[in-house]
Amino acid sequence: RLKIIQITSGSRELDKILEGGIETGSITELYGEFCSGKTQLIHLPSKCLSCCFILPEGGGEGKALYIDAENTFRPQRLLQIAERFGLNGEDVLENIAYAGAYNTDHQSKFLLVEASMMVETRLALMIFFRSLQKIADEFGVAVVITNQVVAQVDGSAVFAGPQIKRTGGNIMSHATTRRLSFRKGRGEERICKVISATCLAEAEARFQISAQGVTD
Ligand code: ATP
Ligand code: MG
């Protein structure tokens, strides 16, 4: 078995409740309302972006693959964050492979919604998550997925993504090994809570989103 590595989030508080950071060999699911910091956080572990980071500094010494279904990947943002860690922006970008799954074509979006109603999609999702887990296990990578949830009037939360909303809460929680919920605090403050993880306490951490990315 490959050694498990913790990749720092950029915030010490956040790393503390994660017992080090985002873990290799498992799937971490980030969910929460819009603007709660999910995308910002994955622009950082792409600080495994620290691709060029050495292990003692909280990096993964590896490469990152960013699968973007929302068209939210911002190389500019990474360059900005790279500066904070004294990294060469070009090296950083070179270590990130990007796969845009985003499609502006409304028709295919519609198709996706339709398709997600079908049982096959449920199965496909399960297979997808199982293979994600396999990839995490076998190659020792950290898999991070983000999910937007919308708060309901009664205080409950509903997944915003069509495929997740229709089929997915259960599939997700079985497949992921760490679930973290995100919400907005005052101003730039964000709160992350450990929801379920095999060996983490149900703790909360406060962090900030700044020009330098996720910080304390
Ligand atoms: P969604 O569900 O809509 O995708 P999200 O949880 O992914 O939301 P993020 O995009 O991670 O949300 O967070 C957006 C927040 O990050 C905004 O509040 C914005 O102010 C902050 N932010 C983004 N870029 C910068 C920057 N360059 N400097 C400071 N703050 C920034
Ligand atoms: Mg986002």
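## Helix H3 and the glycine after it

Gly86 follows helix H3 and has a positive phi, near 65°. Helices here are DSSP runs of H or I with at least four residues, strands are E runs of at least two, and both are numbered from the N terminus. This is a predicted model, in which local features need pLDDT of at least 70 and side-chain atom pairs count only at pLDDT 80 or more, while totals for chains, interfaces and linings use all residues. Residues are numbered from 1 along each chain as its sequence is written, and chains are lettered from A and ligands numbered from 1 in the order in which they are written.

H3 spans residues 75-84, and Leu78, Ile81 and Ala82 are buried in it. A residue is buried if 20 or more other C-beta atoms lie within 10 Å of its own, exposed if 12 or fewer, and partly exposed in between, with C-beta atoms placed from the backbone. The buried residues of H3 pack against H2, helix H4 (89-94) and strand S11 (213-215).

Helix H4 holds Val92, which counts as buried because it has 24 C-beta neighbours inside 10 Å.

## The chain as a whole

The protein chain has 7 helices and 11 strands. Of its 216 residues, 35% are buried. Among contacts with a separation of 6 or more, 62% come from residues 24 or more positions apart; a contact means that two C-beta atoms, placed from the backbone, lie within 7 Å.

Let's start with S3, where 6 of 6 residues are buried. Ile27, Glu29 and Tyr31 point one way from S3, whereas Thr28, Leu30 and Gly32 point the other way. S3 pairs with S8 in the parallel sense over 5 bridges, where pairing requires that DSSP finds at least two bridges between the strands. Ser181 in S8 is the bridge partner of Tyr31.

From S8 the pairing continues to strand S9 (residues 189-197), antiparallel and with 7 bridges. Leu180 stands opposite Val194 in S9. The hairpin of S8 and S9 has 4 residues between the strands, and Gly187 in this hairpin takes a positive phi near 55°. S9 is in turn joined to S10 by 5 bridges, again running antiparallel. Gln208 in S10 is the bridge partner of Glu189, and 6 residues lie between S9 and S10 in the hairpin that they form.

## Nonpolar cores

The largest nonpolar core has 23 residues, and those with the most contacts inside it are Leu14, Leu30, Ala142, Val143, Val144 and Cys192. Such a core is a set of buried Ala, Val, Leu, Ile, Met, Phe, Trp, Tyr and Cys residues joined through C-beta atoms within 7 Å. Strand S3 (27-32), H2, strand S6 (143-151), strand S8 (178-184) and S10 each supply at least two of its residues. A second, separate core has 6 residues, including Leu78, Ile81, Phe85 and Leu87. As background, nonpolar side chains tend to be buried together in soluble globular proteins.

## Around ligand 1

Ligand 1 is surrounded by 15 residues, the closest being Phe34, Lys38, Thr39, Gln40 and Gln148. Here a residue is near a molecule if its C-beta atom, placed from the backbone, lies within 6 Å of it. Helix H2 (38-43) and strand S10 (204-210) are the elements that give two or more residues to this shell. H2 gives the most, with 3 residues.

By class, the shell has 5 nonpolar, 9 polar and 1 charged residues. In this count Ala, Val, Leu, Ile, Met, Phe, Trp, Tyr, Cys and Pro are nonpolar, Asp, Glu, Lys and Arg are charged, and the others, Gly among them, are polar.

Cys35, in the loop between S3 and H2, has a positive phi near 65°. Cys35 is partly exposed because 14 other C-beta atoms lie within 10 Å.

Glu19 has a positive phi near 50° and lies in the loop between helix H1 (12-17) and strand S2 (22-23). With 14 C-beta neighbours inside 10 Å, Glu19 counts as partly exposed.
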